Amino acid sequence: MIVDLLIALILVPAMSIAAVILVPFAYAKCSALALARWCRHARALVLTYDDGPGETLTPQLLALLRRHQVKATFFPLGRSAVQHPDALDQVAKEGHELACHGNRHCHSWKVWPREALQDIEQGYASLARWMPATALFRPPYGKITLFTWLAVVKRKARIVWWTHDSGDTCAGTLPTVESVVDGIIQDGGGVVLLHDFDRKGGGANPPRHQFVLDVTRRLIERAASSDLKIMTLGDLLELRRQPRLRPARDSALTNILQPP
Ligand SMILES: [Zn+2]
């Protein structure tokens, strides 16, 4: 009787939490590690921008990327895209990759499953003008549950994370641009998380806007001198699918992937 009660009170909830949150959490960590390993082998640098578009920052960013002839991956929110469709039109027009980040940045651990699932569906629906229903999905805060995981798999989309957080949304003082860039270059590339939504305060160009622009510019400059190839996340995943280019531990993959 006591054992049954203990199972009901402790074991069942613990196993439910493990199935719903911990297993997807472990999957997310493993995916990020695999992504980092692949970037090192491919000498790849992927610039990604979440939570946009921002009416001010996104056009500034596009001008910078255009000047350097670099393509990036944007993960806009459905809600923001509806507010600033022109900015997202421009992102698409300039040939950058667009993927889904949900509708209103819903933390799937903190809301009921139904709400998290609705947010994903609404996100794809709001962004349908700019991307296919199977576009990559990056979960807000990087958090998934078993329910959101299955929902994305069901629509034949793919969940993607990042390997390096630039720290542009960190609480308190921003890190220095060079410390962020040094870490990424020393790691042999990676998938960098930045944000292109508009921050409030600080006049026309808040310090965090400038930080995003400076990290982007320095990464582009350092990539060129560090033999790193800048590509979109979709292109990186496509390379990974090609068997002949898969990293055979310490193969000559680096040479194969270098541009002529
Ligand atoms: Zn986000």
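Predicted model: local features only at pLDDT ≥ 70, side-chain atom pairs only at ≥ 80, totals over all residues.
**Entry 1: overall make-up**

I began with the secondary structure and found ten helices and six strands in the protein. I then looked up burial, and buried residues make up 38% of the 260 residues. For the contacts with a separation of 6 or more, I noted that 78% come from residues 24 or more positions apart.

**Entry 2: α2 against α4**

Which way do α2 and α4 run relative to each other? I found that the axes of α2, residues 57-67, and α4, residues 85-93, come within 10 Å and cross at roughly 15 degrees. Angles under 35 degrees count as roughly parallel, and α2 and α4 are therefore roughly parallel to each other. I recorded the crossing of these two helices as left-handed. On the α2 side I listed Thr58, Pro59 and Leu62, which meet Ala87, Gln90 and Val91 of α4. Sorted by class, this contact of α2 with α4 has four nonpolar residues, two polar ones and no charged ones.

**Entry 3: the two sides of α4**

Staying with α4, I looked up its buried residues, which are Ala87, Leu88 and Val91. They cover an arc of only 95 degrees around the axis, so they sit on the same side of α4. The cover over these buried residues includes α2, β2 (73-75), α3 (78-83) and β3 (97-98). On the face of α4 turned away from the buried side, I found the exposed residues Asp86 and Lys93. Just after α4, I noted that Gly95 takes a positive phi of about 85 degrees.

**Entry 4: α2 against α8**

I next followed α2 to its packing with α8, residues 207-225, where the angle is about 15 degrees and the axes are 11 Å apart. By the under-35-degree cut-off, α2 and α8 are therefore roughly parallel to each other. Here I recorded a right-handed crossing of α2 past α8. From α2 the contact takes in Leu57, Gln60, Leu61 and Leu64, and from α8 it takes in His209, Val212, Leu213, Thr216 and Arg217. I sorted the residues of this contact into five nonpolar, three polar and one charged.

**Entry 5: α6**

In α6, residues 146-154, I found Thr148, Ala151 and Val152 to be the buried residues. Seen down the axis, they fall within an arc of 95 degrees, so they line one face of α6. These buried residues pack against α5 (113-126), whereas the face turned away from them carries the exposed residues Val153 and Lys154. After α6 comes Lys156, and I noted its positive phi, near 65 degrees.

**Entry 6: Gly167**

I finished with Gly167, which lies in the loop between β4 (164-165) and α7 (177-186). Why does Gly167 count as partly exposed? I found 18 C-beta neighbours inside 10 Å of Gly167. A residue is buried at 20 or more such neighbours and exposed at 12 or fewer, so with 18 Gly167 counts as partly exposed. Leaving aside neighbours within four places in sequence, I listed Leu174, Pro175 and Val180 as the contacts of Gly167. I also looked up Leu193, which is 26 residues from Gly167 along the chain, and the C-alpha atoms of the two are separated by 8.1 Å.

How values were computed. Residues numbered from 1 in each chain as written. Axes fitted to C-alpha atoms, helices over the stretch in contact; angles between N-to-C directions. Helix = DSSP H or I, 4+ residues; strand = E, 2+ residues; numbered from the N terminus. Parallel < 35°, antiparallel > 145°, perpendicular 65-115°, else oblique. Left-handed = near helix turned anticlockwise from the far one by under 90°. Contact = placed C-beta atoms within 7 Å. Nonpolar A, V, L, I, M, F, W, Y, C, P; charged D, E, K, R; others polar. Arc of directions from axis to C-beta.
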